[in-house]
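Reader: I should like to learn how to read the main features of this model. Please take me through them one at a time.

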Amino acid sequence: MSQQQIFDKLTEIFRVMFDEYTGPVNEQLTAESVGQWDSLSHVQLIVMIEQSFGISFTAAELSDLKNVGALVKLIESKTRKAA
């Protein structure tokens, strides 16, 4: 799965989760940039991503993420291994 395909799918997920956020879903995006992105929605977001991509994250992997760009690289790595 390409990074563009991952971004496209993540954009759909973000639009569902954070319906008030209309900005770009790009590499630099962080929770601080999205008003609705709190600790509860973060857990829901991760679950939606795991289900959508058919992958699982460890707590250590999630704690290392600094922005959506890092998330995309992690998803790309996990989907490559799963293929």
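**The largest pocket**

Author: Helix α2 contributes the most to the lining of the largest pocket, with three residues. Helices here are DSSP runs of H or I with at least four residues, numbered from the N terminus. The model is predicted, so local features need pLDDT of at least 70 and side-chain atom pairs count only at pLDDT 80 or more, while totals for chains, interfaces and linings use all residues. Residues are numbered from 1 along each chain as its sequence is written, and side-chain values use heavy atoms, with hydrogens and water left out.

Reader: How much space lies in the largest pocket, and which residues are the closest to its centre?

Author: A pocket is an open set of points on a 1 Å grid over the protein atoms alone, where a 1.4 Å probe fits, with protein on both sides within 12 Å along at least five of seven lines; lining residues have an atom within 4 Å of a point. In this model the largest pocket holds about 210 Å³ of space. Its lining has 14 residues, and W37, H42, L65, K66 and N67 are the closest to its centre. Two elements, α2 (39–53) and α4 (68–82), each give two or more residues to that lining. By class, the lining has nine nonpolar, three polar and two charged residues.

Reader: K66 is among those central residues. Is K66 buried or exposed?

Author: Buried means under 20% relative accessible area, exposed over 50%, and partly exposed in between (1.4 Å probe, protein chains only). K66 has a relative accessible area of 64%, so it is exposed. K66 sits in the loop between α3 (59–63) and α4. Its C-alpha atom is 9.9 Å from that of E27, although the two are 39 residues apart in sequence.

Reader: How does one check the length of helix α1?

Author: The expected span is 1.5 Å times one less than the number of residues. For the 15 residues of α1 (residues 3–17) this should give 21 Å, and the end C-alpha atoms are 20 Å apart, which agrees.

Reader: Which residues of α1 are buried?

Author: I6, F7, L10, I13, F14 and M17 are buried in α1. Viewed down the helix axis, these buried residues fall within an arc of 125°, so they line one face of α1. The exposed residues Q4, E12 and V16 are carried by the face of α1 turned away from the buried side.

Reader: Where is F18 placed, and is F18 buried or exposed?

Author: F18 lies in the loop between α1 and α2. Its relative accessibility is 0%, so F18 counts as buried. N26 is also found in the loop between α1 and α2, but N26 is partly exposed, with a relative accessible area of 27%.

Reader: Where does K81 lie, and how exposed is K81?

Author: K81 belongs to helix α4 and counts as exposed at 68% relative accessibility.

Key. Arc of directions from axis to C-beta. Points joined across faces, edges and corners; volume = space filled by probe spheres on them. Nonpolar A, V, L, I, M, F, W, Y, C, P; charged D, E, K, R; others polar.
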